[in-house]
Amino acid sequence: MERPLQQVYETVQKLVGHHRQLLDAVRAEHEALVNANLKGIQEATLAKQALIEFIRQSENQRLRCAGELAMLWKKPVR
């Protein structure tokens with residue numbers, strides 16, 4: 001039973017890290033926009049797209065782990 005709970009915890013930790021990185025990328029993009037730095041805007045946009053995909057993958061993993069945990073605890077998945 002402890003393994004699914006540990007997996008949920010680790011996945012949430014990843015999500016928090018990815019969201020922090022996304023915030024940094026948004027700040028970098030904002031700075032590039034203020035400075036009219038086209039290359040910086042493009043780099044920040046690509047970084048944001050990659051981070052958003054990582055966040056989607058991590059969220060899907062979190063939902064799978066939470067579903068396993070719900071089954072173990074005999075609770076509704078929602």
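Modeller: First, a term: contact means heavy atoms within 4.5 Å. This is a predicted model, where local features need pLDDT of at least 70, side-chain atom pairs count only at pLDDT 80 or more, and totals for chains, interfaces and linings use all residues. Residues are numbered from 1 along each chain as its sequence is written, and side-chain values use heavy atoms, with hydrogens and water left out.

Biologist: What do the buried residues of α2 pack against?

Modeller: Helices are DSSP runs of H or I, at least four residues, numbered from the N terminus. Buried means under 20% relative accessible area, exposed over 50%, partly exposed in between (1.4 Å probe, protein chains only). In α2 the buried set includes I41, A44, K48 and L51. Their packing partner is α1 (2–34).

Biologist: Is E29 buried or exposed?

Modeller: E29 sits in helix α1. Beyond four places in sequence, E29 touches A44, T45 and K48. Its relative accessible area is 14%, so E29 counts as buried.

Biologist: Which side chain makes a polar contact with the side chain of E29?

Modeller: A polar contact is a pair of N or O atoms within 3.5 Å; within protein, one must be able to donate a hydrogen and the other to accept it, and residues adjacent in sequence count only if both atoms are side-chain atoms. For E29, the distance is 3.3 Å and the partner is T45.

Methods
Helix = DSSP H or I, 4+ residues; strand = E, 2+ residues; numbered from the N terminus.
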